[in-house]
Amino acid sequence: MALIGVAMIISSCGNGSNKSSSNGALGSSAAEKVYVAPGQQDEFYAFLSGGYSGNLTVYGLPSGRMFKEIPVFSQFPTSGYGYSEETKPMLNTSFGFVPWDDAHHPDISQTNGELDGRWIFINGNNTPRVARINLSTFETEEIIEVPNSAGNHSSSFITENTEYVVAGTRFSVPVPQKDMPINEYKGNFKGALTFISVEPEHGNMDIKFQLLMPGFNYDLSHPGRGDSHGWFFFTTYNTEEANSLMEVNSSQNDKDFIAAVNWKKIEEYVNNGGGTKMPADYAHNVYDEGTHMGTSTMKKEVLTVDPLKVPGAVFFLPTPKSPHGCDVDPTGQYIIGNGKLSADLTVHSFDKMIAAIEDEKFDGEAYGIPILKFEDVLAGTVKSGGLGPLHTEFDEKGNAYTTFFISSEVVKWKLGTWEVVDRKPTFYSVGHLMIPGGNSRKPFGKYVVAMNKITKDRYLPTGPEMEHSAQIYDISGEKMELIYDFPTHGEPHYAAGCPAELLAPKSKKIYRLDDNKHPYAVSNPSEARVERNGNEVHIYMSTIRSHFTPDNIEGVKVGDKVYFHITNHEQDFDVPHGFSIIGQNTSELLVMPGQTKTSIWEPKKVGVWPFYCTDFCSALHQEMQGYVRVSPANSDIELSWSLGE
Amino acid sequence: MKKASLAMIVGSALLMGLFVFPLWNIELGAPQYPEPLGINIYINGLQGQSEFDIQNIDGLNHYIGMKTLPKPEDMWEFSVFPLVIGGMVGFGVLFGALGYFDKISYHWFFGWFILMTILGVLGMYDFNAWLLDYGTNLDPKAIMKLVNPDGTPMSYKPPLLGHQKMLNFDAYSYPRLGAYFMFLGMCLTLIAGYLGWKYKKASNLNYST
């Protein structure tokens, strides 16, 4: 019997997996490597973009535990973001209220090329926008729309002192937009590469200039660093300028380009009065931490730059097979172009590029922009034998890690020798990968997180739709080791990570009530009141465990527009109060300690209607409730309110 | 006698520490408060160990009907204690100075020490009485009414000194830096008296030889 038992255990171990490379967590110490015991905390923060969720999710590494979803471009009923009066302006655009986007590439602010943990930026791909999130409150503080752009994909990467965050357009479009035949695309459409300046103290964004490039598709980008600081590199595809059946027609050229942009040169040109101001409509939305309110301002003008007007600022590096990822190693010397239709990686050398530019060794031009000779700028080729290289990140030991979408693997190779050191399968169809700080001069090469597009058979099935999957590899040794996989929320398009100690100590615990400058805040429950202004009723309400002040309100009429301005008087970490009222057409609110938020309710029926706290706040949470009496529109009942009477 | 007088001056002056540092501290820890809530007790009022601790302790205590923690104007102690301590410091320094110029004998030093000890004991008694009232004089409309196994109402009086388990909280009550200054200062004044006595004895011996 015992023998049979042993045999069953052995056979069940290998069950369902014939891949000799994966023995499961029990085959090694993998489980120990990701186990963060109760009460212990993770070593790294990882910020995974939500792709089509429009948001940013915060995870711990190595545990893969999700800590928070930060609403950015999408309405978020959990907190009322995009529903509350204070946050609705954040989603304003020149197209009106756009409560969704496709959030792709987060990037953490840097100083001297190292992560400084002040802000994280992320792009909205669909209705072009860039957002800035404060990393002490983990709240979206600013969103700027990008005019003349469409498909803000090569974004939101930042220069090494956070001078600029870029927003390169994936789709070229008429600039300015106009009604014209689509098949006249070639030669008429433009690709805008937008440089958004970041004010060093508060992080406020402003479009400094837009480079109007030929009508290619600008796919991904990366700043130079070290010696190449001052340059920005953008991969392109569709240099064919096709406008239909793109999968075939934009994949005809053997080589597309990496556009190398000397932004310092253009900045100088602009600072000296260069560039052309062009009428444009775009929204600039700023959330103020003191007033707890967002405001949206429409801007009317943008400065554009014709690259031909700034000689020596823009060059094209021929790069094979529709390059997707564009990554620069921590030294700033190597620019890696991942030809998504090839098996190999093309690595350009920054020094060689500069030498070729100085010697004016050009191989023709495209729309007046010099094309450098492929052989003159090539540092080397990584012959990997994988298929569909997409993205590369780096550790601090001179290794690079590239994802291969088609062959579903991560390949580790050496910078300089271009030899492949190791390769490990992913499950499945991996897009981006992330090493904390892997996008900076100082990576923390302990883990790599691979973000996969297809999840099937990794977890219990949940119908045709599943969350995507991310996988954690230990890269501290010569060989990579898959140590964990976990489902993510939305599409984990790309991620940024940093050591926990960079953010945890400065994470805000409460908003100070005495710093609350919201115009409708009540700093003391005795100030709670109800005011009528025509058919608008403003309720100044405060909350504390476990009651609302006031909790009985009369004199509201059908057809009124009732504003609940709620101030949470707690000054204790992690004690929000919620608010919701029956029949509300928006969402509830979640009000943080010391914060004020406003929600609109338009009562449609006569009656006495309850409201209550939605966040389980105390032993008497269920009792945290109140009533609003709603009278007919023509009623003459006076406004009155009370608590404890 | 000069050494004794200097010790008397320094010792009584050390009581000034009470104007800067807390006398006592009561700390309340629970699993959901990994950073414990705490009250620092000064001779002129209470302060939270962290900025919002007083508000948060009051918030928790209202469930069991405890009064809110007193503001300085709510208790006579907070205006009288500084006067008493200030007065005792003044007298102590004065006695020391007079001793220095041989105007008074060491008996005054002992006298000061005994008076200060009596005042200290009275202070502790008063403090304990306040804790007792705070922990047992509960609002009859309190949300939670907890009783001991014998049916008597539960007391939430924090310990005068040491640790006590109170519901889900661990309460710790210990002297803080101001109290240590006072303790050290009082020891010094006692030593001052002893030195004065020794000096007196030695000089008496000298006269007799």
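**Figure 1. A salt bridge between A:Asp254 and A:Lys255 in the predicted model.** A:Asp254 is partly exposed, with a relative accessible area of 44%. Here, buried means under 20% relative accessible area, exposed over 50%, and partly exposed in between, with a 1.4 Å probe and protein chains only. A:Lys255 is also partly exposed, at 32%. The side chains of these two residues meet in a salt bridge at 3.8 Å, N to O; the term stands for a side-chain nitrogen of Lys or Arg within 4 Å of a carboxyl oxygen of Asp or Glu. Over all chains, the structure holds 32 salt bridges. As this is a predicted model, local features need pLDDT of at least 70 and side-chain atom pairs count only at pLDDT 80 or more, while totals for chains, interfaces and linings use all residues.

**Figure 2. A:Asp281 and A:Lys300 joined by a salt bridge.** Helices (H or I, at least four residues) and strands (E, at least two) are DSSP runs, numbered from the N terminus. A:Asp281 counts as partly exposed at 43% relative accessibility, whereas A:Lys300 is exposed at 56%.

**Figure 3. The salt bridge of A:Asp422 and A:Lys424.** Are these two residues, A:Asp422 and A:Lys424, buried or exposed? Both A:Asp422 and A:Lys424 are buried. Their closest N and O atoms are 3.4 Å apart.

**Figure 4. A:Asn134 and its surroundings.** A:Asn134 belongs to strand 8 (residues 129-134) of chain A and is buried, with a relative accessible area of 9%. Its side chain makes a polar contact with the side chain of A:Glu141 at 2.8 Å. A polar contact is a pair of N or O atoms within 3.5 Å; within protein, one must be able to donate a hydrogen and the other to accept it, and residues adjacent in sequence count only if both atoms are side-chain atoms. Not counting residues up to four places away in sequence, A:Asn134 touches A:Arg118, A:Trp119, A:Glu139, A:Glu141 and A:Glu289; contact means heavy atoms within 4.5 Å.

**Figure 5. Where chain B meets chain A.** In this view, 10 residues of chain B are in contact with 12 residues of chain A. The two chains bury about 860 Å² between them, 43% of it on carbon and sulfur atoms; buried area is the accessible area (1.4 Å probe) that two parts lose on being put together, summed over both. Across this interface the rule finds two salt bridges, and the side chains of B:Glu35 and A:Lys509 meet in a salt bridge at 3.1 Å, N to O. There are also seven residue pairs in polar contact, both residues at pLDDT 80 or more. On the side of chain B that touches chain A, strand 2 (33-42) and helix 2 (53-61) of chain B each supply at least two residues, and helix 2 gives the most, with three. A network of salt bridges links A:Arg512, A:Asp514, A:Asp515 and B:Glu51.

**Figure 6. A:His569 in its loop.** This residue lies between strand 39 (561-568) and strand 40 (577-581) of chain A. A:His569 is buried, at 6% relative accessible area. Beyond four places in sequence, A:His569 touches residues including A:Leu513, A:Asn524, A:Ile544 and B:Gln55.

Figure 7. Leaving aside neighbours within four places in sequence, B:Trp112 is in contact with residues including B:Met8, B:Phe91, B:Phe95 and B:Met186.

Methods. Residues are numbered from 1 along each chain as its sequence is written. Chains are lettered from A and ligands numbered from 1 in the order in which they are written. Side-chain values use heavy atoms; hydrogens and water are left out.
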